[in-house]
Amino acid sequence: MKRLLLSLMSVGFLLPGTAAKANSLNITLASPYQSSPGASVVAFDATVTNETSQTVDLNGDSFNVDSPLTVDDSPFFSDFPFSLGAGKSFTGELFAVNIPIGTPLGLYSGSFEITDGLGVAASDILGTANFDVYTVATPEPSSLVLLGTGLAGLVEMRRWRRKARQLATRAM
């Protein structure tokens, strides 16, 4: 019996520690809903918090977004730490969304996931953040020039009327 107990204890010590599983990270986007005119890049800042009692490795990511938008995950790999201690948080730019020229106006949705990224656990999702990008119309430069010319004309007309009244008052 002693041998069996000793064998079970030694096997228990040789087993690797349990890996962090799904939802061990809380990802809070600073602005999960953003609007942008035309072709541009929209950055998403986030606070990532480790909600476990062990260190979690931030080794990988996966994402999706409605076409024709694309996600640039390089801020995650260049700015975020390689691991996050138990109960610790990190805030920074997590990813960016590229809006190409000619993108139709409308609402585009996506999600960004931080994964374990190594070995057997490579597909373990540690945390997920959903986001929306709304593309809006941008005024054409010629429209802005026309608006400015109209406003300048109104100001000049008011000035002209004021002078005309002053002259009429003096003539009386």
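On the surface, Leu-147, Leu-151, Leu-154 and Met-157 make up a nonpolar patch with about 390 Å² of accessible area together. Patches are built from residues with over 30% relative accessible area and no salt bridge, like charges being joined within 9 Å and nonpolar side chains (Val, Leu, Ile, Met, Phe, Trp, Tyr) within 5 Å. The model is predicted, and local features need pLDDT of at least 70, side-chain atom pairs count only at pLDDT 80 or more, and totals for chains, interfaces and linings use all residues. Residues are numbered from 1 along each chain as its sequence is written, and side-chain values use heavy atoms, with hydrogens and water left out.

Helices (H or I, at least four residues) and strands (E, at least two) are DSSP runs numbered from the N terminus. Leu-151 counts as partly exposed because its relative accessibility is 48%; buried means under 20% relative accessible area, exposed over 50%, and partly exposed in between (1.4 Å probe, protein chains only). Helix H3 also holds Glu-156 and Arg-159, which are three residues apart and therefore separated by about one helical turn. These two residues form a salt bridge, with the closest N and O atoms 3.5 Å apart. A salt bridge is a side-chain nitrogen of Lys or Arg within 4 Å of a carboxyl oxygen of Asp or Glu, and a search of the whole structure finds one. Glu-156 is partly exposed at 44% relative accessibility, as is Arg-159 at 46%.

The protein has three helices and ten strands, in the order α-β-β-β-β-β-β-α-β-β-β-β-α from the N terminus. Of its 172 residues, 28% are buried. The accessible surface comes to about 11400 Å², and carbon and sulfur atoms account for 60% of this area. Among contacts (heavy atoms within 4.5 Å) between residues at least 6 apart in sequence, 71% join residues at least 24 apart.

Nine aromatic pairs are present. Rings of Phe, Tyr and Trp (its six-membered ring) pair if their centres lie within 6.5 Å; planes under 30 degrees apart count as stacked, over 60 as edge-to-face and the rest as tilted. Phe-44 and Phe-131 form a tilted pair, 5.1 Å centre to centre with 50° between the planes. This pair links distant parts of the chain, Phe-44 being in strand E3 (residues 40-50) and Phe-131 in strand E10 (residues 125-136), 87 residues apart. Phe-44 is buried at 0% relative accessibility, and Phe-131 is buried at 2%. Phe-76 and Phe-77 form an edge-to-face pair, 5.0 Å centre to centre with 70° between the planes. Phe-76 is buried at 2% relative accessibility, whereas Phe-77 is partly exposed at 42%.

In soluble globular proteins, nonpolar side chains tend to be buried together. The largest nonpolar core has 26 residues, and Leu-94, Phe-95, Ile-114 and Phe-131 have the most contacts inside it. Strand E1 (25-29), E3, strand E8 (89-99), strand E9 (106-115) and E10 each supply at least two residues of this core. A nonpolar core is a set of buried Ala, Val, Leu, Ile, Met, Phe, Trp, Tyr and Cys residues joined through side-chain atoms within 4.5 Å. Leaving aside neighbours within four places in sequence, the contacts of Ile-114 include Leu-25, Ile-27, Val-48, Phe-76, Leu-94 and Ile-125.

Technical notes
Areas by Shrake-Rupley, 256 points an atom, 1.4 Å probe, with all protein chains shown as cover.
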